Amino acid sequence: MTDPMDALEELQKAIDAQLVQMNPCELNPHLQVFLDHPNGTTRFTYAQIHHGKVQATVLAVGADFIEGIRCFQIGYAVAPQYRNKGLGQQILQQALAEFRNGMSRTQLTEFYVEAIVSTDNLPSNKIASSLISQSPTSCTDEDTNEPALQYLCKVKCRG
């Protein structure tokens, strides 16, 4: 598991250094998005930013295909000072809606979203269970060799 908090911190540094230009989202103007392709991999970064401070982020990164269908791995993080206020649930819900909206303009008709969450991360598991899948699969994270849960959901781009 890559720690999504690392991505939040790196995004804050990039914003502070004026290295990235975030763009407003279509469905929720309080949410901003940045598309890039690190190492040739498509990555969408959604962020809630207030007065130049990143409060929360959601990343959607192109991953392996599942059953021949495109999959995007989802990671989300909330800055410590903004936790326990429902922001994680809110930003993931909004980002997933924005992502589906954006994907509806592509040739994709459906795609998977996947979140791999450490079994120890109870708040993140609660969010993933609520918004991605209520039936996670137990797994071992390939990067850390730690016990984790895989949340997987097929999303229709239209309709």
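This is a predicted model: local features need pLDDT of at least 70, side-chain atom pairs count only at pLDDT 80 or more; totals for chains, interfaces and linings use all residues.
Contact here means that heavy atoms lie within 4.5 Å of each other.

Helix H2 comprises the 17 residues 87–103. The buried residues of H2 are Leu 87, Gly 88, Ile 91, Leu 92, Gln 94, Ala 95, Leu 96, Glu 98, Phe 99 and Met 103. An α-helix has 3.6 residues a turn, so residues three or four places apart point the same way. The buried residues of H2 pack against several other elements: the strands S2 (31–36), S3 (43–50), S4 (53–66), S5 (69–78) and S6 (110–118), together with helix H3 (122–131).

H2 passes H3 in a right-handed crossing. On the side of H2, the contact is made by Gly 88, Gln 89, Leu 92, Gln 93 and Leu 96, while H3 contributes Ile 127, Ser 130 and Leu 131. Four of the residues in this contact are nonpolar and four are polar, and none is charged.

In soluble globular proteins, nonpolar side chains tend to be buried together. In the present model, the largest nonpolar core has 30 residues. Within this core, Tyr 46, Val 58, Ile 74, Tyr 76, Leu 92, Phe 99 and Phe 111 touch the most other members. At least two residues of the core come from each of S2, S3, S4, S5, H2, S6, H3 and strand S8 (147–156). H2 gives the most, with seven residues. The surroundings of Ile 74 illustrate the packing. When residues up to four places away in sequence are not counted, Ile 74 touches Val 58, Leu 59, Ala 60, Leu 92, Leu 96, Val 113, Glu 114 and Ala 115. A second, separate core is made of eleven residues, among them Met 22, Phe 34, Ile 49 and Val 54.

Helix H1 comprises the 13 residues 4–16. The buried residues of H1 are Met 5, Leu 8, Leu 11, Gln 12, Ala 14 and Ile 15. The elements that cover these buried residues include S3, S4 and S5.

The loop between S3 and S4 contains Gly 52. At 32% relative accessibility, Gly 52 counts as partly exposed. Gly 52 and Ile 15 are 37 residues apart in sequence, yet their C-alpha atoms are 7.5 Å apart in space. Apart from residues up to four places away in sequence, Gly 52 touches Gln 12, Ile 15 and Asp 16. His 51 also lies in the loop between S3 and S4. His 51 is not a glycine, but has a positive phi of about 50°. Its relative accessible area is 71%, and the cut-off for an exposed residue is over 50%, so His 51 is exposed.

A positive phi is also found at Asn 145, a residue other than glycine, where the value is near 65°. Asn 145 belongs to the loop between strand S7 (137–140) and S8. With a relative accessible area of 63%, Asn 145 is exposed.

Thr 137 is located in strand S7. This residue is partly exposed, with a relative accessible area of 43%. Thr 137 touches Ala 148, Leu 149 and Gln 150, residues up to four places away in sequence not being counted. The C-alpha atoms of Thr 137 and Ile 116 are separated by 9.5 Å, although the two residues are 21 residues apart along the chain.

Ser 129, finally, is part of helix H3. Ser 129 has a relative accessible area of 26% and is partly exposed. With neighbours within four places in sequence left aside, Ser 129 is in contact with Gln 134 and Tyr 151. Ser 129 and Val 61 are 68 residues apart in sequence, and the distance between their C-alpha atoms is 20 Å.

How values were computed: Residues are numbered from 1 along each chain as its sequence is written. Side-chain values use heavy atoms; hydrogens and water are left out. Helices (H or I, at least four residues) and strands (E, at least two) are DSSP runs, numbered from the N terminus. The expected span of a helix is 1.5 Å times one less than its number of residues. Buried means under 20% relative accessible area, exposed over 50%, partly exposed in between (1.4 Å probe, protein chains only). A crossing is left-handed if the near helix is turned anticlockwise from the far one by less than a right angle, and right-handed if clockwise. Ala, Val, Leu, Ile, Met, Phe, Trp, Tyr, Cys and Pro count as nonpolar, Asp, Glu, Lys and Arg as charged, and the others, Gly among them, as polar. A nonpolar core is a set of buried Ala, Val, Leu, Ile, Met, Phe, Trp, Tyr and Cys residues joined through side-chain atoms within 4.5 Å.
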